[in-house]
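Could you walk me through this structure, one selection at a time? I have it open in my viewer and would like to know where to click next and what I will find there.

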Amino acid sequence: EDRALLEGGSESQDDQNQGPKAVGVLAVVGRPNVGKSTLVNRILGRRAAVVEDTPGVTRDRVSYEAEWAGTQFKLVDTGGWESDVEGIESAIASQAQVAVSLADAVILVVDGQVGLTASDERIVTMLRAAGKPVVLAVNKLDDRMADYTASEFWKLGLGEPYAISAMHGRGIGDLLDAALEQLSKAEKTSGFLTPEGLRRVALVGRPNVGKSSLLNQLAHEERAVVHDVAGTTRDPVDEVVQVDGEDWLFIDTAGIKRRLHKISGAEYYSSLRTQAAIERSELALILFDASQPIADQDLKVMSQAVDAGRAIVLVFNKWDLLDDFGRQRLERLWQTEFDRVTWAERVNLSAKTGWHTNRLAKAMRTALESWDKRIPTGKLNSFLGKVQAAHPHPLRGGKQPRILFATQASTRPPRFVIFATGFLEHGYRRYLERCLREEFGFEGTPIQISVHIRE
Ligand code: GDP
Ligand code: GDP
């Protein structure tokens, strides 16, 4: 059900079960400059011009919806880090790690013009340690004459090397067939490695807001700072933490504890990991540093969670540092910067002293209940009928769009489909959302409303 959400808007489909089937997440990894982004663009069917020749350009989108032969999947581009020689090894390690936490299967890209390098072999070692299925693409083989060079790469022990030219679109179809076959197999066997019944929580926020402090406070552990980056794929990725007598699965705690600051592309990687953690979670605990101004990065993390359709709880940490003036400043901020998430519960606490951390669990449970909630169709329609009678849609070109029927198509998060006789304005949709929230709760969860037009 989670994955179905990734499909994006389906304009004309009444039947929610139609459309391509979604099989999972495919990551493209490899050394800098082997052509990962070119390949990603090729698969997405975009023009190669999107590829930046400037090193160090941070691409802020990392995952995309893609489709091949009627199968839909998520494609993750792990490129985008600076290729300076010093940082290269740690960046490769991080990249492999991101791929592991994010993806169900991996395309490893190597450069057929350069040949096999030691870095390629190290990536293979890391991917193998993680046990993800890998398909090998030997890129930059721009004409058939060069294909024999691909055979050198059998040595990597990854099976058949696929000779491709991302730039010219050679060999991409066969590569994707192989990758999607791995992907569909992978999903059947792996899925989420979640202990049964535990709810999955992503603890997210920009660096220094207090994520590891909160984790330690909850787990009553000493802070664990891990310095070395190599070999990190072996770290426990998720941890069970008890909050208020209940076990929760905290996603990618290794990523919370690890300091990435020194490696090149650190910011990029932490944003990748945040996204990965959010995608694997059901609920995002979003931390802010209440003693600091709200930064763009804070709001970005929040948007990532809301756009991904996760239940959320907002946590204002370091409350112990605030005086009266600080508290007032924060209330003003709350009114202005957080108007997008007025439905979310906010917990003010101190990870350092433990003050109010006992309020977290209740907020988390409430948000997840809302996220799971289903409103029966009859109830929904009689309610919307009343709403519409009290407040009809404004006239548009002499006509009045009317709601004919509505149903809750899915939960996690709640998604409503409304059938109407005409286009419903943005303002009216917002109004409907407010009414739904007032009537049915939905505290702590985004809700989605899509409108289908029927004459
Ligand atoms: P990334 O760092 O792995 O994402 O690599 P890019 O996609 O940015 O590509 C690095 C360079 O290799 C760019 O100059 C591309 O134009 C070039 N390149 C990518 N694919 C091919 C290919 O199939 N053939 C050739 N000749 N060059 C390619
Ligand atoms: P992370 O990067 O989000 O994991 O943040 P850390 O947990 O490493 O915290 C960053 C800094 O903020 C550390 O120096 C912490 O001791 C400090 N800190 C975290 N939580 C609190 C808090 O509630 N109050 C105060 N005063 N300091 C805190």
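A residue is called buried here if 20 or more other C-beta atoms lie within 10 Å of its own. Keep that cut-off in mind, and remember along the way that this is a predicted model.

**Stop 1: a strand on the inside**

Select residues 283–289, which make up strand β10. Of its 7 residues, 6 are buried, so β10 is largely enclosed by the rest of the structure.

Strand β7, residues 199–204, runs parallel to β10, and 4 bridges link the two. To see one of these bridges, show L203 and its partner in β10, L285. Next, pick strand β11, residues 311–317, which is parallel to β10 and joined to it by 7 bridges. Here D289 has N317 of β11 as its bridge partner.

What holds such strands side by side? Strands of a sheet pair through backbone hydrogen bonds, in a parallel or an antiparallel way.

**Stop 2: the whole sheet of 6 strands**

Zoom out until you can follow the open sheet from one end to the other: its order is β8-β9-β7-β10-β11-β12, and the pairing is mixed. At the edges are β8 (239–243) and β12 (345–348), each of which pairs on one side only. On average, neighbouring strands in this sheet are turned by 35° against each other, ignoring direction.

**Stop 3: around ligand 2**

Click on ligand 2 and display the residues around it. How many are there, and which come nearest? There are 16, and the nearest are G210, K211, S212, S213 and K352. Helix α5, residues 211–219, supplies the largest share of this shell, with 3 residues. If you colour the shell by class, you get 5 nonpolar, 7 polar and 4 charged residues.

**Stop 4**

Select helix α10, residues 360–372. Now highlight the buried residues of α10: L360, A363, M364, A367, L368, S370 and W371. Look down the axis of α10 and you will see them within an arc of 160°, so they line one face of the helix.

Then move to helix α9, residues 324–337. Its 14 residues should span 20 Å at 1.5 Å a residue, and its end C-alpha atoms are 20 Å apart, which agrees. How many of the residues of α9 are buried? The count is 0, and α9 is hardly covered.

**Stop 5: the sheet of 3 strands**

Find the open sheet with the order β13-β14-β15, whose pairing is mixed. β13 (403–410) and β15 (448–453) are its edge strands, and each has a single partner strand, so one side of each is left without a neighbour in the sheet. Neighbouring strands here are turned by 20° against each other on average, again ignoring direction.

Focus on β13 and β14 (residues 415–420), which pair in the antiparallel sense over 6 bridges. In one of these pairs, S410 has R415 of β14 as its bridge partner.

Between β13 and β14 is a loop, and R412 sits in it. P413 is found in this loop too. The peptide bond from R412 to P413 is cis, with omega near -5°. R412 also has a positive phi of about 60°, although it is not a glycine. With 19 C-beta neighbours inside 10 Å, R412 counts as partly exposed.

Another positive phi belongs to F442, near 65°, and this residue is not a glycine either. Look for F442 in the loop between α12 (426–440) and β15. With 22 other C-beta atoms within 10 Å, F442 is buried.

**Last stop: V29**

Finish in strand β1, residues 21–29, where you will find V29. V29 is buried, as 26 other C-beta atoms lie within 10 Å. Use the distance tool on the C-alpha atoms of V29 and V76: they are 47 residues apart along the chain and separated by 8.8 Å.

Methods
Residues numbered from 1 in each chain as written. Chains lettered and ligands numbered in written order. Predicted model: local features only at pLDDT ≥ 70, side-chain atom pairs only at ≥ 80, totals over all residues. Pairing = 2+ DSSP bridges. Axes fitted to C-alpha atoms, helices over the stretch in contact; angles between N-to-C directions. Near = placed C-beta within 6 Å. Nonpolar A, V, L, I, M, F, W, Y, C, P; charged D, E, K, R; others polar. Expected span 1.5 Å × (residues − 1). Buried ≥ 20, exposed ≤ 12 C-beta atoms within 10 Å, placed from the backbone. Arc of directions from axis to C-beta.
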